[in-house]
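Please look over the sequence and the model below before reading on. The notes after them are meant for someone meeting this structure for the first time.

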Amino acid sequence: AIDINKLRDLSGIITLDPGYKNSGSCKSDITFLDGELGILRYRGYAIEDLAEKADFLEVSYLLIFGELPTTKQLAQFETDIRKYTLVNEEMKNIIDGFPKTAHPMGVLAALTSALTAFNPKSVNVENEKEMYEAVCKTMGKFLVIATWTYRKSMGYPLNYYDNTKGYVENFMHLMFELPTEPYTPNPVVVDALDKLFILHGDHEQNCSTSTVRMVGSSHAGLFASISAGVSALWGPLHGGANQAVLEMLEEIHRNGGDADKYMAKAKDKNDPFRLMGFGHRVYKNFDPRAKIIKKAANEVLATLGVEDPILAIAKKLEAAALEDEYFKSRNLYPNVDFYSGIIYRALGIPTDMFTVMFAIGRLPGWIAQWKEMRENKEPIGRPRQIYTGHPLREFKTSDKR
Ligand code: ACO
């Protein structure tokens, strides 16, 4: 086994691997995935079983603490998270400073970072009780501020957590309940959201998770590290893809629904356009999450009686890509984000909130990875480089340049 702390001794050799396509950055007990076989497991449990039989808080507990909770532990976890859902009222001043048009992910990153100011005590990872409290605090407050980014953009009053409802149901309440309009979410919708959050729970060393670990490796706090993860997730090549998928489907629809034209654009190497929601860095056969979510999308749309022309375009694109030599030869298949946006849209969640939904789901993964990194006493993340700039140059004062 490689002792990560001794790798420093080999620093005379530098391997260049842009995008870390073949470089491991850590050892981890959390998530196993096999891109060739399309396998995803959290702590050894198949994603298919977890999505079908567990709920999001149960899976969050599993990811973060390593074991599925007993009934008693799960109930305690829910209660303890609830305790921390109150967000300091002064945070509202920060929200008020943003324009209504601000992208929710930008606001979420800023608010998450601002939580540090209101919770300045850094957590001692070796103290089990302190770590447990930090986990509950993060799970509680993050859900509330995530929904506040939407309330702000709509000009609605901010909502508080409802102690009579579960975590995922609370998401719907925090988002949609208005003083004048009581809101009762459809259980099918709550169930689909629960599944979506589970499927997004963790995905080993993806861009945002590696960011959380990297930032945390300098011993920056949990909120600061997660704020950085939110920013990393925002990009359209990562979590932002779910918003980009819907925008792409809407554009195809607006332009007459000609999926073939967009297929041709995606294949044209002189055109920067990519078919959003297709391809994955690791899954080169199929994305097991996409399989589960495709089924859930069909169920939700059937239950809610949604007939969406966007869905017809999505199906057309999917079928065309699966038959196409360009996509086949490059192992480009629909990923989880190809379908998640279709569900979010059916649930009435606005497009620019899609990546926030991903962040809520990914939160337990970020916490678990941060905790593991600190518990393993990993060294500060500090990659090397191959310098390609000028050799030594003579300095000339500005009048001589
Ligand atoms: N549409 C068209 N061509 C594509 C696409 C796509 N969506 N994805 C990859 N390709 C092509 C590339 O142009 C390249 O072709 P080439 O070999 O002829 O040059 C080849 O497939 C390999 O692509 P890479 O970019 O090298 O693959 P990489 O592993 O670096 O990228 C990524 C993976 C970023 C996901 C990419 O497939 C992509 O941009 N997809 C669209 C965005 C997306 O859906 N992102 C969500 C990822 S999942 C998630 O974050 C949950």
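What follows is a briefing grouped by topic.

The model is predicted, and local features need pLDDT of at least 70, side-chain atom pairs count only at pLDDT 80 or more, while totals for chains, interfaces and linings use all residues. Residues are numbered from 1 along each chain as its sequence is written. Helices (H or I, at least four residues) and strands (E, at least two) are DSSP runs, numbered from the N terminus.

- An open sheet of three strands is arranged in the order 1-2-3, with antiparallel pairing, where two strands pair if DSSP finds at least two bridges between them.
- Strand 1 and strand 3 (45-46) stand at the edges with a single partner strand each, so one side of each has no neighbour in the sheet.
- Strand 1 (residues 31-34) pairs with strand 2 (residues 39-42) in the antiparallel sense over four bridges, and T31 has Y42 of strand 2 as its bridge partner.
- Four residues lie between the strands in the hairpin of strand 1 and strand 2, where G38 takes a positive phi near 65 degrees.
- Strand 2 and strand 3 run antiparallel and are joined by two bridges, with A46 in strand 3 as the bridge partner of R41.

**Helix 5 against helix 10**

- The axes of helix 5 (residues 104-118) and helix 10 (residues 222-234) come within 7 Å and cross at roughly 170 degrees, the axes being lines fitted to C-alpha atoms, for helices over the stretch in contact, with angles from 0 to 180 degrees between N-to-C directions.
- That crossing makes helix 5 roughly antiparallel to helix 10, a label for angles over 145 degrees, whereas under 35 counts as roughly parallel, 65 to 115 as roughly perpendicular and the rest as oblique.
- Residues of helix 5 including M105, L108 and L115 meet residues of helix 10, among them F223, I226 and W234, where contact requires C-beta atoms, placed from the backbone, to lie within 7 Å.
- By class, this contact of helix 5 with helix 10 has nine nonpolar, five polar and no charged residues; Ala, Val, Leu, Ile, Met, Phe, Trp, Tyr, Cys and Pro count as nonpolar, Asp, Glu, Lys and Arg as charged, and the others, Gly among them, as polar.

**Burial in and around the helices**

- Helix 16 (residues 336-346) is mostly covered, with eleven of its eleven residues buried; buried means 20 or more other C-beta atoms within 10 Å of a residue's own, exposed 12 or fewer, and partly exposed in between, with C-beta atoms placed from the backbone.
- The cover over the buried residues of helix 16 includes helix 8 (187-199), helix 11 (241-254), helix 13 (288-304), helix 14 (309-323) and helix 17 (354-375).
- V168 lies in helix 7 (residues 167-176) and is buried, with 24 other C-beta atoms within 10 Å.
- Apart from its neighbours within four places in sequence, V168 is in contact with F56, V190, L193, D194 and F197.

**Ligand surroundings**

- The ligand is surrounded by 18 residues, of which the closest are A241, R274, F278, G279 and R281, a residue being near if its C-beta atom, placed from the backbone, lies within 6 Å.
- The shell around the ligand divides into eight nonpolar, six polar and four charged residues.

**Positive phi values**

- N331, in the loop between helix 15 (325-329) and helix 16, has a positive phi of about 55 degrees although it is not a glycine.
- K377, in the segment after helix 17, has a positive phi near 55 degrees and counts as exposed, with 10 C-beta neighbours inside 10 Å.

Technical notes. Contact = placed C-beta atoms within 7 Å.
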